[in-house]
Amino acid sequence: MRATVGERIVIHGKNVGSPDRHGEIAEVRGNDGDPPYLVKFDDGHESLVFPGPDCSLERTG
């Protein structure tokens, strides 16, 4: 996954009924858009994210 600051990321719930977590990439700490990413989640939390197969970028347009 390659991302830029300002893109939206989704971490999909791992269990049935678990909600997805949505946030905005505030900082890209890897080279050329590579992880890790500092993410500001919609609930106000911030976390350093190393995206796995349960993550995707929200595409707008």
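My notes on strands, core and ring contacts follow.

I am working with a predicted model, where local features need pLDDT of at least 70, side-chain atom pairs count only at pLDDT 80 or more, and totals for chains, interfaces and linings use all residues. Residues are numbered from 1 along each chain as its sequence is written, and side-chain values use heavy atoms, with hydrogens and water left out.

**Strands.** I took strands as DSSP runs of E, at least two residues, numbered from the N terminus, and called two of them paired if DSSP finds at least two bridges between them. I found E1 (residues 8–11) antiparallel to E2 (residues 21–28), joined by four bridges. Isoleucine 11 faces arginine 21 of E2 there. E2 also pairs antiparallel with E3 (residues 37–41), through five bridges, and glycine 23 lies opposite phenylalanine 41 of E3.

**Isoleucine 11.** I listed its contacts (heavy atoms within 4.5 Å). Beyond neighbours within four places in sequence, isoleucine 11 touches Asp20, Arg21, Phe41, Val49, Asp54 and Cys55.

**Ring.** I checked for a charge over a ring (NZ of Lys or CZ of Arg within 6 Å of the ring centre and within 35 degrees of the ring normal). The charged end of arginine 21 sits over the phenylalanine 41 ring, 3.8 Å from its centre.
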